[in-house]
Amino acid sequence: MLNIALFGPPGAGKGTQSEYLISKYNLYYISTGDILRKEIAKRTPLGLEAEKIMSSGGLVSDEIIVQIIEKTIKNNSQASGFLFDGFPRTYVQAYILEGLMLKLNTALSSLISIELKEEESVNRLVQRGKISGRSDDNESVIRKRLNEYRTKTIPVIDFYKERGIFQAVDGSQDIKDVKKSISNIMSKELHKELFNVIIFGYPGSGRASYAKAISEKYGLENMDMSKMLKTEIANNTLLGQKIKAHYENEETVSDEIAVQLIEEKLEKSHNANGFIFKGFPRTLVQSYILDGLLKRHQSSISMVFNLDMTAIEAIQMHDNKHITDGSMNKDKSTANTIRRFKEHEKKTLHVINKYNEQYGVKKIDGTLSFDEVFNQICLEIESVFPDFE
Ligand code: AMP
């Protein structure tokens, strides 16, 4: 998981930079200020309690902050990462964040501080107050907020400097230059993370060839399930013998075998930049298994592709493929082909829909040429990881 906290005085541009970060890196955005303003608008007990303190420019109690943050994190625990804006704001809250991250088996990756001189903060906030309608954007409250920042929030910096995850950015630059500085930090952070891709598509849509090409271009370990199964059989390992029995009975392999294979490969792949999964997960159960397996490695899914085509187009491609490559006999029988297509429609489409809701699946027109499809996949990958090229 990539968890980022944006830090800086009021008016430094945290909100503006957040918009760009959440859309680009698919992070779940948590702004404690926004949540509190919503609670106030809804006139909830929590909102009413916070209202007075906020309009005077003070900090609301850590108890209130814990309640809202814990709820938001718990409701979005499947997110690929969080972006915190306006939190942690006190030394105590820094410890609270540690605890909350630990509960999710993760940690804060980086605290990015957008630095700005106090007078510049005041100028910007007074200007913003003319259009924002925020009751705390007037000069006397702004001074109080900056005083709170100086006395209670600045000490948080030491907490993160000691942990080696503090990064400063000059907030007086143009918005686009601040964005560039933050992008550079994000790129470095992403390289510390595993980049995990799943590729879906009908049988015969070319998933294996794309998985191989992606794996080679970006240094991702190729988790091609059918290839892994065949390798085990060829090496005649204990697991291979079990798999062979399944294959001979025309059954799909059990989840236990799949888990064991993936677990082994995850353990062994220390130098990979991440993983590309093909042929797994193919059921909802397997998608939860994959979440669990990746979580054990403090990781999660980064991007999901679907090679888009109709079933008829897929059957044509499937047919052509088997005429040209002379692949396994059992793959060629019509009954087996129908079984695999049915499996895909009955089970795997649900998995694709689930990922689409969770992360947004990238649809690629699978009827185009290999080069065109691969090019589009690369563009998508590089739009998030520009210096992966
Ligand atoms: P912001 O939108 O981040 O500028 O926050 C507006 C106001 O909400 C602050 O001046 C505080 O009164 C309150 N607030 C937001 N986040 C926190 C926090 N983490 N701890 C305490 N008070 C907060």
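The C-alpha centres of domain 1 and domain 2 lie 39 Å apart; domain bounds come from an automatic or database domain assignment. Domain 1 covers 4-192 and domain 2 covers 195-388. This is a predicted model: local features need pLDDT of at least 70, side-chain atom pairs count only at pLDDT 80 or more, and totals for chains, interfaces and linings use all residues. Residues are numbered from 1 along each chain as its sequence is written.

**Domain contact**
- Domain 1 gives 9 residues to the contact and domain 2 gives 11 residues, where contact means C-beta atoms, placed from the backbone, within 7 Å.
- On the side of domain 1 that touches domain 2, helix H1 (14-25) and helix H9 (175-192) are the elements that give two or more residues; helices (H or I, at least four residues) and strands (E, at least two) are DSSP runs, numbered from the N terminus.

**Sheet**
- An open sheet of 5 strands runs in the order S7-S8-S6-S9-S10, with parallel pairing; two strands pair if DSSP finds at least two bridges between them.
- Strand S7 (220-224) and strand S10 (362-365) are the edge strands, each pairing on one side only.
- S6 and strand S9 (residues 303-308) pair in the parallel sense over 4 bridges, and Ile198 stands opposite Val304 in S9.

- Leaving aside neighbours within four places in sequence, Val197 is in contact with Ile214, Leu220, Ile276, Ser302, Met303 and Phe305.

Conventions:
Two residues are in contact if their C-beta atoms, placed from the backbone, lie within 7 Å.
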